[in-house]
Every structure is written in structure tokens, then in C-alpha cells.
Amino acid sequence: MKLTQKLSESKKPLFSIEILPPLKGKSIQSIYDGIDPLMEFKPAFVDVTYHREEYIYKKRAGGYLEKVSIRKRPGTVGICAAIMNKYNVDAVPHIICGGFTKEETENALIDLQFLGIDNVLALRGDSIKTEPSFVPELGGNAYAIDLVKQITDMNKGKYMDEDMTDAAPTDFCIGVAAYPEKHFEAPNMISDLKNLKAKVDAGAEYVVTQMFFDNKKYFDFVKLCREHNIHVPIIPGLKILTGMKQITALPKIFQCDIPQPFYEELEKCKDDKAIKEVGIKWCIEQSKELVKANVPCLHFYTMGTSEATKRVAKEVF
Ligand code: FAD
């Protein structure tokens, strides 16, 4: 079912999760082990992230270095199919521009349609580690909006080959990303918002936010969006802080602030166990306030922490 339909039919905020494919070589059981404990909260959908290739250098005989392309976490589409089959819950694959030509994107979307996937999250993707900034594939989409336009075209039966005049239209509900604390490349919030509005005008029907730890940032962002005529559902993304390293890693990777009152509590912790308790408590408070504000859905970036997510969900749903 389309997420927009689910969101509009629900009278209270829904619960949803995002998972990462396991590292290459690990079994899909690790995915099930992460989802099983959360099924009692009836997730409205499960997002599955997409991880593009990375380049590493391998030392070969004679001492020369060979540049090798590896994908550490393949399997997004297969995991979506397996989740839908096992749990009868909607799985939402993340689709990125990076590393795909438009034709490869078209073919991937055809696979998704044949699998009965109704929703996709359309993203640009980040630059690969060996590149200073994002470089689109030759013949690929440069920004998320270009990907949204391609999917919208397919929804209208317009494929890349203009000779295909009677192609069956796809029927994807398209989600896009947004950043309550601004995307790190955007010169300012207003320019970022204009680009978000362009994605919505091009066919995106819902938005999922980057993680944030200060609800005020989300509420202010939603207000700004409405003032800029962005009227689609804006789903808050939540991450439970569970370890010492995350105090500096999360702001660095995801450009989100740790609010001072939260930081003061984290500072008192001696180990990861104590950090996790503070992180769970903070997320419960965040979640309760968001539910009270009647947000469309609470979307948890589980990153393999289903036990912490379960403890939050138990208090909130
Ligand atoms: P865009 O919307 O294209 O925006 C990127 C930047 O370009 C912004 O600064 C924007 O303001 C600017 N911009 C947009 N359009 C234009 C234009 N036409 N001209 C000039 N500037 C423009 N990454 C992954 O690799 N895999 C994932 O599974 C994944 N899942 C994610 C899920 C969520 C909910 C979020 C919030 C992020 C996710 N990411 C993922 C990370 C995301 O790919 C990066 O944040 C990326 O840098 C931006 O993606 P975007 O879709 O927001 O890009």
C-alpha cells in the first residue's frame, strides 16, 4: 500500500523503522533478528538503505596497488522482497543517483514494480570516500530531483526509449529526504528548502527527515516548510544514541546537534551502558512530545539497535 494512503488513514502517529543490509557475507537472519522484536508494534513500513560501491587499494605481487571496487552492504532489493514475504509489511527501498546511469535506474525500478513494491525513497546519495564531492554517473541523475522526475515520468508511462509509446505506467509513491538542520552542502536553509519544494513539485509525496535530537529543530523546520508551500507529510527520523563514540560521530556524519541538556547528561556517563540508558530516556521524551504534536509517523533509524528501539516503542505506542 502507498505510504501516503497509510498516513492519511491513520488517526494517530505510525511507527516505522529503517534498517541497513548486513555486511556482505552475513546471513539475512541478522535482518530478521533485528525486525522480529519490533513486529509487536506493527511497523507501517520498513525502509532498507542502499549502499553504493567503495574503492580500496589492494597490494599485489610486485608491490603495485590495484584499485578495487567493493560493495560492503549489497542486497537492498532482495531484503525488501524477503521482508514483504516474511512479515507482510511494506518495505521501502532507498534508491540513489550515485553509481547508476538513468537506464540502470529504470531497470531497477522495473524490478521493484514486478516485486510489488509500492514506495521508494529517492535520494542523491553521498560522495564515495575517494571523491571530495558527489560526482554523478555519466548518463546518471545528478540530484534527487532528477531521480524523482525519472520516477514520475515512469509513473506516467514515459520510459527512456521514446519509441515505447504504450509502456505500462509504474505507480510508485515517492518519498524524499530533508534536513531540519540543513543539508551540509546547502548555502543556507532557504536555498535547501527551495530544492526540497522542487522535489515535491516534481512528484515527491512525502518527506523523511534526517535524524535530530532537538524537537524544536523539527517543529521549526515543519513550520518553515509550510510557509514555503511544502504541504506533504514530513516524517521525523529518530536515532537512539547508544554509545560513547556516537556523541561525536553522529554530529559529524549526520550534521545534527546534540542539545546541551542532553549532552550534560551524556557527559556524566562512565561507559556505553550508561550512555545507552540516557539515550533511550532522551528518545522516549522526544517521541512522546512528537506523538503529542500528532506527527504523521515516528521513523526510527535502528542501525541494528532493535532492543533500544523496542524499549522506546514500548513507552510510546
Ligand atoms: P538532494 O535533494 O539532491 O540535495 C543534495 C544537495 O544539493 C542539497 O544541499 C540541496 O540543497 C542541493 N540541491 C538539490 N537540488 C539542487 C539543484 N537542482 N541544484 C543545486 N543544488 C541542489 N544515502 C545513501 O547513500 N543511501 C541511503 O540509503 C540513504 N538514506 C537516507 C535516508 C534519509 C531519510 C536521509 C535524510 C538521508 C539518506 N542518505 C542516504 C543520505 C543522502 O543521500 C545524503 O544526505 C546526500 O548528501 C543528499 O541526498 P538528498 O537526496 O537529500 O539530495
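**Reading strands and rings in a predicted model**

Author: Let's start with strand 2 (residues 45-48) and strand 5 (residues 90-96), which pair in the parallel sense over four bridges. This is a predicted model, where local features need pLDDT of at least 70, side-chain atom pairs count only at pLDDT 80 or more, and totals for chains, interfaces and linings use all residues. Residues are numbered from 1 along each chain as its sequence is written, and side-chain values use heavy atoms, with hydrogens and water left out.

Reader: What makes two strands pair?

Author: DSSP has to find at least two bridges between them; strands themselves are DSSP runs (E, at least two residues), numbered from the N terminus. Here, F45 has D90 of strand 5 as its bridge partner.

Reader: Which strands make up the closed barrel?

Author: Eight strands with parallel pairing, in the order 1-2-5-6-7-8-9-10.

Reader: How is a pair of aromatic rings described?

Author: By the distance of the centres and the angle of the planes. Rings of Phe, Tyr and Trp (its six-membered ring) pair if their centres lie within 6.5 Å; planes under 30 degrees apart are stacked, over 60 edge-to-face, and the rest tilted. This structure holds nine aromatic pairs. Take F15 and F300: their ring centres are 5.6 Å apart and their planes at 45°, so that pair is tilted. F15 lies in strand 1 (residues 14-19) and F300 in strand 10 (residues 297-301), so the pair ties together parts 285 residues apart in sequence.
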